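This report covers helix packing, aromatic pairs and backbone geometry in one structure. Please read it alongside the sequence and the coordinates shown next.

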Amino acid sequence: MSSSSPRLFALAWPLFLELCLNIAVGLIGTMLAARVSDAAGAAFALANQVAATLFILFRIIGAGISVVITQALGSGRRPVADATARAALGASSWLGGSTGVLALLFAGPLLQLMNAPPSVLPLAHPFLMALAPAMMLDAWNASMASVMRAHLRSRDTLMVLIAMQVAQLLLSVTLMPIFGLPGFALSLCLSRGLGLGLHVWLWRERLSLRPSWSDWWRLPRPELAAVLHIGLPGAAENIAYRLAYMVSIAVAGHLGASALAAHSYASQLMYFVLLPGLATGFAAEIVVGHLIGAGQLHEAHRLVRRALARGLAISVVVASAMALASPWLLHLFTQDEDIVHTAVILMGLTILLEPGRTFNLVVINALRAAGDARYPVMVGAGSMLVVLAGGSWLLGEVLGLGLVGLWIAYAADEWIRGLLMWRRWARLGWVPKARAVHRRLHRAHA
């Protein structure tokens, strides 16, 4: 299919802008919190890390929605795609609600598990509880946006995100000086409510999808079974990564509030570095899903190779530029020169880390779209446990390398997993899974 490259770019650039806006609003929130104090900045980052970890529950279905719908659309089975979209709403209600309840009831123990410093815990606790209602809204918005992107409506999802983030930014600037960190949570809830309304409207206008009241809570077994086939391994991979990453955050927390702040500020800048690869990976997943549904395996293989080559080149350039600019950018967060000095070193190490991460961002999404969802979990879990979690503890705490040790563990884990994923793709280990998906779709269509 000769139009695969233009389609990939047409999907990737709105996704890139979406991700940039998400990170930019989080960055501004961190800056607003840091203006109160470095402890408030650390509390903001720590509570958001816990919330993101809890939100992995949504990945049980989130990782499978786009893949199942793109495969169905690629094979010409629009009714199956619509039924899957409706099923995703009900599952999002239950999983998003469960995530919010966990944040509301167990905020204190979860933050203590993260070794939240005494100066950070009193600020992070109420903030994490205030984030709970937004988690269900985020689950709905994420599901509905995934359905839109699977239908190649990425520009529409970008417009929704712009509206949400502009609203959140204006509300945050207004509310945070009055209410502090809970003001950010309130602005998040209000803006996500706006996004939900816009997504419901777009489903009706663009996709002719009109959810009934029962769709918001019903759990239809046949449609969810296909989603869970992809989503459960995807969620397991995300859970393994998040748990291992949380170990490293706990190590940083044990090093003190200043180390946690430096980790937070460097991570905020690092998010911008990974965005091109992440957008490319999401776009590749959508296009590969359509190609697998259509039985065009050779074109899928060529597309992933091109996407990976571009992603690697861009990641090195962006990481280098961010490392050079980091001494100036970090002063937007703090004037503490020790924190800035530490974070600048971490940004230099990011140049080594990001190319390895690009393999994972692009190839894992492609494997999942091809139906090969279990391999990344089976192969990657060991590296996450031993290299990411164990390496963070060994290098950062036992050997006394501090945050530098954490970044070395991050880079080693990304490269080990990334090269193993690429080996799987390059040796066509995914092809039998992709052929089985195509045969299943063809039989069902017949």
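## Basis and loop residues

Buried means under 20% relative accessible area, exposed means over 50%, and partly exposed lies in between (1.4 Å probe, protein chains only). This is a predicted model, in which local features need pLDDT of at least 70 and side-chain atom pairs count only at pLDDT 80 or more, while totals for chains, interfaces and linings use all residues. Residues are numbered from 1 along each chain as its sequence is written, and side-chain values use heavy atoms, with hydrogens and water left out.

L152 is partly exposed, as its relative accessible area is 38%. This residue has a positive phi of about 65° although it is not a glycine. L152 sits in the loop between α6 and α7 (154-179); helices (H or I, at least four residues) and strands (E, at least two) are DSSP runs numbered from the N terminus. L428 is also not a glycine, and its phi is near 65°, a positive value. The loop between α14 (402-426) and α15 (431-445) holds L428, which is partly exposed with a relative accessible area of 40%.

## Packing of α9 and α10

Helix α9 (residues 221-254) packs against helix α10 (residues 257-293) at an angle of about 135°, with the axes 7 Å apart. Axes are lines fitted to C-alpha atoms, for helices over the stretch in contact, and angles run from 0 to 180 degrees between N-to-C directions. The angle makes α9 oblique to α10, where under 35 degrees counts as roughly parallel, over 145 as roughly antiparallel, 65 to 115 as roughly perpendicular and the rest as oblique.

From α9, the contact (heavy atoms within 4.5 Å) uses Y245, I249, A252 and G253; from α10 it uses A259, L260, H263 and S267. These residues divide into five nonpolar, three polar and no charged. In this scheme Ala, Val, Leu, Ile, Met, Phe, Trp, Tyr, Cys and Pro count as nonpolar, Asp, Glu, Lys and Arg as charged, and the others, Gly among them, as polar.

## Surroundings of H263

H263 belongs to helix α10 and counts as buried at 3% relative accessibility. Leaving aside neighbours within four places in sequence, H263 is in contact with Y245, I249, A252, L403, L406, W407 and Y410. The side chains of H263 and Y410 are joined by a polar contact of 3.0 Å. A polar contact is a pair of N or O atoms within 3.5 Å; within protein, one must be able to donate a hydrogen and the other to accept it, and residues adjacent in sequence count only if both atoms are side-chain atoms.

## Aromatic pairs

Rings of Phe, Tyr and Trp (its six-membered ring) pair if their centres lie within 6.5 Å; planes under 30 degrees apart count as stacked, over 60 as edge-to-face and the rest as tilted. The count by this rule is 11 aromatic pairs. F44 and F127 form a stacked pair, 5.4 Å centre to centre with 20° between the planes. This pair links distant parts of the chain, with F44 in helix α2 (residues 38-54) and F127 in helix α6 (residues 121-150), 83 residues apart. Both F44 and F127 are buried.

W425 and W430 are likewise stacked, at 4.1 Å centre to centre and 10° between the planes. W425 is buried with a relative accessible area of 0%, and W430 is buried with 1%. Ring pairs also link Y241, Y245, W407 and Y410 into a cluster.
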